[in-house]
Amino acid sequence: MMQAVKRACDACHRRKAKCDGVNPCRNCGQARLSCTYNAIPQKKGPKGTRANVISELRETQRQMSLSAKVQNRINGGPCAPPNPGLAPTPGLLTSELIKECIAFFFDNLYPQLPILDRNSVEQQVLYMEQNPGAYCLLTSLCAFVMLQPGMNMPAGDPYNLDLFPGATIVSSQLLVEEAVKVRKGYEYLDSVSLNVLATNFFLFACHYGLESHDRAWHYLREASTMIHLTGMHQEDHYMKLESVEASRRRRLFWLVYATER
DNA sequence: TTATTCGGAAATTAAAAACA
DNA sequence: GTTTTTAATTTCCGAATAAT
């Protein structure tokens, strides 16, 4: 940009036009206006105590974090969601939390639940903000992992929540609520993917672990119904799939089937 | 085609915070 | 004390719109 003049005349200021700063200026001359410099400039810079937009944003983000929500709930504080819509809550599912939960799942739980592919899950982390299916899967997966014995609050928790024995359970509850909320915001029944079925299974397992048996069976039955509607109980369903996807679906089918019995 | 308007990017400035 | 960070304000580019 060309060097700005120290002060634009009143008319140029009003017209948002470049002023040459002399009196009369070129614009006023051309427009046959009287060129004045009467406006009193405002004082620039922060007012009073340092204005703190960034600090407010930081505080808001901090309050959005899972640890802060857990702390609030443990203290019996207000837990009205600051984001009442059905969009993902910004800052709730941190990359640190996801990383630790994925690692825990594949290190400890995968042998019993070989329904996910690690590469695929890690890929989905990259675009979960744009893809509600991926977001719900990761949220419910984290909720499930947080309920497991041996799993602790994620690193970077500023509230020392490890000292509260129930913190992981509260975290799991909050994550389940988040997954269910975001799910309401999109038509997950339109395309019954592996993500959708796995999300159902994790929601089932979380509710079961949280002693909410009716809801748990609801999610399992829903998964079972989706499996039947998509024909996953018939062998030819797997013909048109590539082998990795087919084997994951087969395992998921048998897992849901066996759990229901 | 020319003139005018105006959204908003970039520059400028100054107060507060951080640092030595 | 000086430097850095932050935010309020100003200038004016350039796209959209209106007038001729």
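Student: Why does Ser224 count as buried?
Tutor: Ser224 has 8% relative accessibility. Buried means under 20% relative accessible area, exposed over 50% and partly exposed in between, with a 1.4 Å probe and protein chains only. Ser224 therefore counts as buried. A word on the ground rules: this is a predicted model, in which local features need pLDDT of at least 70, side-chain atom pairs count only at pLDDT 80 or more, and totals for chains, interfaces and linings use all residues. Residues are numbered from 1 along each chain as its sequence is written, chains are lettered from A and ligands numbered from 1 in the order in which they are written, and side-chain values use heavy atoms, leaving out hydrogens and water.

Student: Where is Ser224, and what is it in contact with beyond its neighbours within four places in sequence?
Tutor: Ser224 sits in helix H10; helices are DSSP runs of H or I with at least four residues, numbered from the N terminus. Beyond those neighbours, Ser224 is in contact (heavy atoms within 4.5 Å) with Val256 and Glu260. Phe253 is 29 residues from Ser224 in sequence, with a C-alpha to C-alpha separation of 8.1 Å.

Student: How do you know that the reach of H10 is close to the expected one?
Tutor: The expected span is 1.5 Å times one less than the number of residues. H10 covers residues 213–229, 17 residues, and reaches 24 Å from first to last C-alpha, close to the expected 24 Å. Just after H10, Gly231 has a positive phi of about 80 degrees.

Student: What makes H9 roughly antiparallel to H10?
Tutor: H9 and H10 pack at about 160 degrees, their axes 7 Å apart. Axes are lines fitted to C-alpha atoms over the stretch in contact, and angles run from 0 to 180 degrees between N-to-C directions. Under 35 degrees counts as roughly parallel, over 145 as roughly antiparallel, 65 to 115 as roughly perpendicular and the rest as oblique. The angle therefore makes H9 roughly antiparallel to H10. Among the contacting residues are Phe204 of H9 and Tyr219 of H10.

Student: Why is Thr168 called buried?
Tutor: Thr168, in helix H8, has 15% relative accessibility and so counts as buried. Thr168 touches Met146, Met151, Asn152 and Met153, not counting residues up to four places away in sequence.

Student: Where is confidence lowest and where highest in chain A?
Tutor: By pLDDT, the predictor's confidence in each residue from 0 to 100, helix H3 is lowest at a mean of 62 and helix H9 highest at 95.

How values were computed. Helix = DSSP H or I, 4+ residues; strand = E, 2+ residues; numbered from the N terminus.
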